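Student: I am new to this. Please show me how to read it, feature by feature.

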2 protein chains.
Amino acid sequence: MGRLILDISMSLDGFVAGPNPTSKDPLGEGGTQLHEWAFATRAWRESHGLEGGEDNVDSKLVEDLLANVGATVMGRRMYSGNEGPWADDANADGWWGDEPPFHHPVFVLTHHERQPVRMQGGTSFTFVTDGIEAALEQAQRAAGEQDVRVAGGANAAQQYLRAGLLDELQLHVAPVLLGDGVRLFEGGLLEPPAQLECTAVARSPTGVAHLIYRARG
Amino acid sequence: MGRLILDISMSLDGFVAGPNPTSKDPLGEGGTQLHEWAFATRAWRESHGLEGGEDNVDSKLVEDLLANVGATVMGRRMYSGNEGPWADDANADGWWGDEPPFHHPVFVLTHHERQPVRMQGGTSFTFVTDGIEAALEQAQRAAGEQDVRVAGGANAAQQYLRAGLLDELQLHVAPVLLGDGVRLFEGGLLEPPAQLECTAVARSPTGVAHLIYRARG
């Protein structure tokens with residue numbers, strides 16, 4: 001069975017989204033800056049069907065991560081920007097287009113049941129209503145020997161972190177202060193606290209500090 | 001004129017002291033863990049008149065920092081653990097012993113006037129009551145061509161950070177989650193926001209991630 005990996009971009013002051021996130025601007029004010037390092041890489045662009053991009057340490061990280069991921073778990077807001085019943089969701093088909101960049105099974109955490117959706121290019125969306133452990137189980141079954149990635153957003157990331165279910169945490173620290181927003185580390189300690197081991201650090205040409213931790217529940 | 005450097009140890013979840021700091025335990029619950037990497041180094045031990053210690057990337061960082069620092073600024077709590085009038089402070093001579101580990105002029109931010117104190121080994125304590133900029137000015141005059149270091153605590157560090165006066169920020173991120181405590185990055189954004197440039201990262205054998213930023217107010 002593969003590992004459960006959270007890889008997430010964070011400002012130096014600890015925010016994974018800026019203030020006032022909305023369904024149209026889920027990264028909040030200034031939040032896009034956190035992800036610019038990834039958008040610029042060849043590996044990210046390739047996974048989105050785009051040409052070009054930088055071929056550097058950032059791209060290598062994205063490439064290594066994507067190569068080993070067999071399934072993704074994400075929160076409902078990351079899927080469609082909304083959280084209510086599907087009938088009220090103008091964006092119910094997600095904002096990932098006809099050929100989403102995942103190319104493997106994606107499990108969406110939601111409170112509202114719905115039949116799975118099969119997209120072009122190997123991506124499917126399965127809607128899981130019975131919690132993060134059930135979603136992880138399904139994702140691990142789908143991924144086989146490959147890893148499962150928690151793609152976000154902040155709330156899903158926090159839930160897996162707090163439950164002590166992560167095997168690896170990849171923090172991409174952008175050289176930016178947002179001052180306010182959604183913190184990754186918020187709301188108290190895990191019980192028992194996760195044991196973290198820093199296994200690698202790297203600095204990218206764009207000034208992002210990549211910190212890799214092995215977590216042992 | 002030298003640079004103004006803040007070097008501070010922080011937990012991965014952003015805390016520079018644990019919860020419930022007291023005058024006897026100013027690092028708060030669990031806060032000592034943040035500093036263990038430094039305590040173990042040869043360079044730190046040497047500056048405290050102790051033998052032995054590890055000679056590794058951690059020690060090199062401490063050594064380089066100390067070699068270039070000609071004056072230190074610190075908050076009153078870091079000096080004596082208290083904040084009231086000196087007459088009420090049982091610890092008014094500080095808790096740094098007869099021969100403090102600084103070996104240069106130290107400027108203490110306080111609301112209560114007091115004559116300077118000269119200690120053994122080259123350390124003096126000067127008490128500055130007219131704010132962080134006045135303390136910085138005095139420290140820079142004392143340091144000459146050498147750097148000035150903001151030694152802490154969190155409050156003094158935040159004031160210099162928020163005022164945009166830092167030239168360099170050295171963050172030592174310990175592989176620890178404290179869950180609660182005193183955050184370095186708290187209380188909103190600088191105005192205008194500091195421009196940060198990540199100039200170096202390093203991982204120590206103890207799992208600490210050292211992140212060095214150049215700040216351009």
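**Reading the model**

Tutor: A:Arg76 is buried, with a relative accessible area of 3%. Buried means under 20% relative accessible area, exposed over 50%, partly exposed in between (1.4 Å probe, protein chains only). This is a predicted model: local features need pLDDT of at least 70, side-chain atom pairs count only at pLDDT 80 or more, and totals for chains, interfaces and linings use all residues. Residues are numbered from 1 along each chain as its sequence is written, chains are lettered from A and ligands numbered from 1 in the order in which they are written, and side-chain values use heavy atoms, with hydrogens and water left out.

Student: Which residue forms a salt bridge with A:Arg76?

Tutor: Side chains of opposite charge can pair when their charged atoms come close. The rule for a salt bridge is a side-chain nitrogen of Lys or Arg within 4 Å of a carboxyl oxygen of Asp or Glu. Here the partner is A:Asp89, with the closest N and O atoms 2.7 Å apart. The pair links distant parts of the chain: A:Arg76 sits in helix α4 of chain A, A:Asp89 in the loop between α4 and β4, 13 residues apart. A:Asp89 is buried too, at 7%. Helices (H or I, at least four residues) and strands (E, at least two) are DSSP runs, numbered from the N terminus.

Student: How are A:Lys60 and A:Asp64 placed in helix α3 of chain A?

Tutor: They are 4 residues apart, so about one helical turn separates them. Their side chains meet in a salt bridge of 3.0 Å, N to O. A:Lys60 is partly exposed at 46%, and A:Asp64 is partly exposed at 38%.

Student: Which salt bridge pairs A:Arg183 with a residue of chain B?

Tutor: The side chains of A:Arg183 and B:Glu186 meet at 3.4 Å, N to O. A:Arg183 lies in strand β9 of chain A and B:Glu186 in the loop between β9 and β10 of chain B, so the pair joins two chains. A:Arg183 is buried at 9%, whereas B:Glu186 is partly exposed at 43%.

Student: What about backbone angles?

Tutor: Most residues other than glycine have a negative phi, and most peptide bonds are trans. Now look at A:His103: its phi is near 60 degrees, a positive value. A:His103 is in the loop between α4 and β4 of chain A.

Student: Is the peptide bond from A:Gly152 to A:Gly153 cis or trans?

Tutor: It is cis, with omega near -5 degrees. A:Gly153 is in the loop between β7 and α6 of chain A.
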